[in-house]
Amino acid sequence: MLTVSMTVNGKQVSKEVEPRTLLVQFLREHLSLTGTHVGCDTSQCGACVVHVDGTSVKSCTMLAAQADGATVTTIEGLAQDGELHPMQAAFKEHHGLQCGFCTPGMVMSAVDLLKHNPDPSDREIREWLQGNICRCTGYHNIVKAIQAAAQSMRG
Amino acid sequence: MYDFTYHRPSSLEEAAKLLAGAEDGKILAGGHTLLPTLKQRLAQPSDLIDLSGIKELKGISEAGGAVVVGAMTPHGDVADSSVVKARIPALAHLASDIGDAQVRHRGTIGGSIANADPAADYPAAVVGLGATVKTNKREIAGGDFFKGLFETALDENELVVSVSFPVPEKAGYAKFANPASRYPIVGVMVAKTAGGVRVAVTGAGASAFRWTEAEQALSANWSADAIKNLTHGPDGLNSDIHASAEYRAHLIGVMARRALAAAG
Ligand SMILES: Cc1cc2nc3c(=O)[nH]c(=O)nc-3n(C[C@H](O)[C@H](O)[C@H](O)COP(=O)(O)OP(=O)(O)OC[C@H]3O[C@@H](n4cnc5c(N)ncnc54)[C@H](O)[C@@H]3O)c2cc1C
Ligand code: FES
Ligand code: FES
């Protein structure tokens, strides 16, 4: 066992874990933050995307131990004071989801995209989402939602 | 995943010592090849030695006409680096098209070349730009680094420290990506370097190799015409559910022409 400590959604946490514990297991099973999903076994689907030190990563392909000392933000950490993050609000408004399984990862990935590129083209959005698979929407409304969020965040 | 002992050393010496002392130790870099492998229980290392605590392994610098990329530098940093974009745009382009954004945030150049996946992108740059791989023990010429399917010149306890890419006069990279995995089915780097023209192919064989006929043709005449009708044979090329050897052979020609056009 080893002790890992990190800041998750603004709260300092510290737990004893087996070294093989994945970050996504740590979040879901040790912290009960089940908003982060697991959709595959091959690091391809992106349902598990969270931010580690401000950068989007697949939490299923990182050990909790590798995030020791880091600052982690999950989908649960986006809304502030009961107010949806503009990206969440845009997904809702533009029907950017159907079953919702891919949505936490999509939203976290999209928020990171806008940090790199506040005014992306449709093509740039689609390229960025290569690591986020949706089996329901056909992506059109996801792209629309991200465009809307980009616009509202640029103000 | 089977359990293991986890270490995060802060120096290269300590990492090498841990690796040598472990029963069946494995280096952990970005984990984007190793962790999926462990999740499938395809390997059972006794110890994982995480290199992320060793600061000197991460970063990009320019020295003596070369761009030096530390082993722990993620693909995304190479893609975004102003030095790489200015000096070797083909390398920045190659890195920018590996996997997806999240893979590029974690996966590293050291992990990619040490793993020597026949379909990885970086081997085309290491061979095609005539890079030098620096390890904790020695320097290995890029052309001698890849030895076969998932096989490199690295000894059992040898670590990649950095990769030094001499700045070429011109270079271009083109890949035909597998639409699901984003790995190249065939990728080609074409470069005009101080040491001559180099054309390196990844994805098509057991490991990256040079296409000497194309190199000769382009040395004589650096133009699209020189390789317009040149074809590579299918003998010895990979054949799998993604592409037959004949199709890969065809793609080598097409990608070489696209890479040349990108190089200008
Ligand atoms: C969905 C997905 C898509 C991908 N698409 C592509 C693609 O299009 N093109 C491509 O090229 N790759 C692709 N990859 C692979 C990705 O680039 C990997 O990150 C990379 O191959 C391995 O680097 P890593 O840092 O993750 O290494 P790890 O997984 O940590 O390690 C890989 C191997 O190298 C060894 N190793 C690591 N660092 C060192 C070192 N410094 N010295 C000695 N040995 C070392 C490890 O022990 C291990 O055996 C993809 C991966 C995923 C998950
Ligand atoms: S669960 Fe599919 S990429 Fe992480
Ligand atoms: S909304 Fe169902 S997978 Fe995307």
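This is a predicted model: local features need pLDDT of at least 70, side-chain atom pairs count only at pLDDT 80 or more; totals for chains, interfaces and linings use all residues.
1. Ligand 1 sits between chains A and B.

2. Start with the shell. It holds 33 residues around ligand 1. The nearest are I27(B), H32(B), L34(B), T108(B) and D121(B). By class, the shell around ligand 1 splits into 13 nonpolar, 15 polar and five charged residues.

3. The top contributor is α7(B), with five residues.

4. Now the polar contacts. The backbone of I27(B) places a polar atom 2.7 Å from an oxygen atom of ligand 1. I27(B) is also among the residues nearest the ligand. R182(B) likewise uses a polar backbone atom, 2.7 Å from an oxygen atom of ligand 1. K26(B) uses its side chain: a polar atom there lies 3.3 Å from a ligand oxygen. As for cover, ligand 1 on its own has 980 Å² of accessible area, and the protein covers 95% of it.

5. Turn to the second largest pocket. Its space is about 1,200 Å³. How many residues line the second largest pocket? The count is 43. Nearest its centre are T55(A), P74(B), D77(B), R104(B) and H105(B). That set draws on chains A and B.

6. The pocket lining takes at least two residues from each of several elements. Chain A supplies β4 (55-58), α3 (103-116) and α4 (122-128). Chain B supplies α3 (75-80), α5 (89-96) and α6 (101-106). The lining of this pocket has 15 nonpolar, 13 polar and 15 charged residues.

7. Last, the annotation. An unreviewed UniProt entry lists residues 1-170 of chain B as "domain: FAD-binding PCMH-type". That span is 35% helix and 24% strand. Its end C-alpha atoms lie 45 Å apart.

Key: Residues are numbered from 1 along each chain as its sequence is written. Chains are lettered from A and ligands numbered from 1 in the order in which they are written. Side-chain values use heavy atoms; hydrogens and water are left out. UniProt positions are given in the numbering used here, feature names are shortened, and annotations may be inferred rather than shown by experiment. Helices (H or I, at least four residues) and strands (E, at least two) are DSSP runs, numbered from the N terminus. On a 1 Å grid over the protein atoms alone, a cavity is a set of points where a 1.4 Å probe fits but cannot get out, and a pocket is an open set with protein on both sides within 12 Å along at least five of seven lines; lining residues have an atom within 4 Å of a point. Grid points are joined across faces, edges and corners, and a volume is the space filled by probe spheres set on the points. Ala, Val, Leu, Ile, Met, Phe, Trp, Tyr, Cys and Pro count as nonpolar, Asp, Glu, Lys and Arg as charged, and the others, Gly among them, as polar. A residue is near a molecule or strand if one of its heavy atoms lies within 4 Å of it. A polar contact is a pair of N or O atoms within 3.5 Å; within protein, one must be able to donate a hydrogen and the other to accept it, and residues adjacent in sequence count only if both atoms are side-chain atoms. Accessible areas come from the Shrake-Rupley method with a 1.4 Å probe; for residues, only the protein chains shown count as cover.
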